[in-house]
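Here is a short report on charged pairs, packed cores and a pocket. Keep the structure open beside the text as you read.

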Amino acid sequence: MIIIVVSVIVLFVGIVFLTMKFDPRFGGELSENKKEIYNNSSNFKEGKFINKNELNVSPKITISGFIRALGGMLAQDSTAIATIPKTDIKVQHINRPDILTVKDSTRLVWFGHSTFLLQLENKNILIDPMFGKVPSPYSWLGTKRFSTTLPISIEKLPKIDVVLLSHDHYDHLDYGSILKLKDKVEMFYIPLGVGMHLEKWGVEKERIVELDWWEEAKLDNLIFRCTPSQHSSDRKLNAMSNTLWSSWIINSNKMNIFFSGDGGYGKHFKEIGDKYGPFDFAMLECGQYNEQWPLLHMFPEQTAQAGIDIKAKQIMPIHWGAFRLSNHAWEEPVERLIAAAEKLHIPVIFPKIGEPILIEPIISYSNESWWENY
């Protein structure tokens, strides 16, 4: 009996690793040649990417804690905490002509979670374009998106000048989305290592620019700066920290915008603010936090403080409103952030999914607690 059980386990593990190796959804493999190149980065040590001061952000989970966390993730219907909305969230839809009319203004469209279309200086910039139904390699693995539709489909999007990626987790880098997007994208600006996934999925090397922290790329009068975050990358079980994670600064002659990507609270926010602040607008992670992984994701009160640290004039919570990746109430992030931001006297906006947000020359959006309807 023991031999049979061990054999079944070995077979299962073997199938998992073979699937991750050959199924394109899991992305590319880090080559020895790439490792040699990344050795020049202070963020790459002994074949792996690291956080500042080599901080280990891996969650320390006990068996009981793991069971509680897993229960919160998988339970489809919780009577204690509403981890998903009562009904599907209705998004505001955008017609293609409306997308094409933006010229002199700076406009954002939020797709939920951390996905944005930023229109700035006559450029279309997609940030962490995750348009899939579930944040996982397979549709049956994970809970579905809170909304059944998107503000606009990939097919109706205009030509995309730049795609910015913060890291390669499934809720930020989606295989299906990239396949549909790649032929209408001019350039991909990404952290070190993420290019191996794009190349495997058919994106030419000439359209991929990999950057280390504090490096930048220029496109006409726009500057894209890759800046630190405190996070991890683990698209495959056997490829932990094979790619870098980052935040981003998007700078023009008129606007200075910050996108946090994923990550826990740390000194890097003040460092970014001191070096490149103040920021006219900041999209800051606020959701999917858990006491089991306090260094991987910010709690809402830390999000407000991060806004102060980077010297943001106005902040917006992201990484919420689309998927359940932790066991807190689905609307809790924005409500806690609003309370914390009020105490710190930092303005916070909370637009609807799909609602066009004008952030220059003035902030314009509907100011209502829309989540209360769900």
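Lys236 is buried, because its relative accessibility is 4% and the cut-off for buried is under 20%. This is a predicted model. Which residue forms a salt bridge with Lys236? The partner is Glu29, and the closest N and O atoms lie 2.8 Å apart. Glu29 is partly exposed, with a relative accessible area of 44%. This pair links distant parts of the chain, 207 residues apart. Lys236 sits in the loop between β10 (222-227) and β11 (247-251). Glu29 sits in the loop between α1 (2-22) and α2 (32-38).

Why can such pairs form? Side chains of opposite charge can pair when their charged atoms come close.

The count of salt bridges comes to 15. The table gives some of them.

| Pair | N to O distance | Relative accessibility |
|---|---|---|
| Lys236 and Glu29 | 2.8 Å | Lys236 4%; Glu29 44% |
| Arg25 and Asp23 | 3.0 Å | Arg25 31%; Asp23 12% |
| Glu32 and Lys35 | 3.6 Å | Glu32 55%; Lys35 25% |

Take Arg25 and Asp23, whose side chains meet in a salt bridge. Arg25 counts as partly exposed, whereas Asp23 counts as buried.

Now look at Glu32 and Lys35. They are three residues apart in helix α2, so about one helical turn separates them. Glu32 is exposed, and Lys35 is partly exposed. Elsewhere, salt bridges link Lys270, Asp274 and Lys311 in a network.

Next come the nonpolar cores. The largest nonpolar core has 50 residues. Which of them touch the most other members? They are Phe116, Ile125, Leu164, Tyr189, Phe224, Ile250 and Met283. A second, separate core has 24 residues, including Phe131, Leu157, Leu165 and Leu181.

Leaving aside neighbours within four places in sequence, Leu164 is in contact with several residues, among them Ile125, Tyr189, Phe224 and Ile250. Its contacts also include Asp128, Pro129 and Trp248.

Last comes empty space. Rolling a probe the size of a water molecule over the atoms shows where such space is left. The second largest pocket holds about 350 Å³. How many residues line this pocket? The lining has 21 residues, and nearest the pocket's centre lie Gly132, Lys133, Asp174, Gly176 and Ser177. The lining divides into nine nonpolar, six polar and six charged residues.

Technical notes
Residues are numbered from 1 along each chain as its sequence is written. This is a predicted model: local features need pLDDT of at least 70, side-chain atom pairs count only at pLDDT 80 or more; totals for chains, interfaces and linings use all residues. Side-chain values use heavy atoms; hydrogens and water are left out. On a 1 Å grid over the protein atoms alone, a cavity is a set of points where a 1.4 Å probe fits but cannot get out, and a pocket is an open set with protein on both sides within 12 Å along at least five of seven lines; lining residues have an atom within 4 Å of a point. Grid points are joined across faces, edges and corners, and a volume is the space filled by probe spheres set on the points. Ala, Val, Leu, Ile, Met, Phe, Trp, Tyr, Cys and Pro count as nonpolar, Asp, Glu, Lys and Arg as charged, and the others, Gly among them, as polar. A nonpolar core is a set of buried Ala, Val, Leu, Ile, Met, Phe, Trp, Tyr and Cys residues joined through side-chain atoms within 4.5 Å. Buried means under 20% relative accessible area, exposed over 50%, partly exposed in between (1.4 Å probe, protein chains only). Contact means heavy atoms within 4.5 Å. Helices (H or I, at least four residues) and strands (E, at least two) are DSSP runs, numbered from the N terminus.
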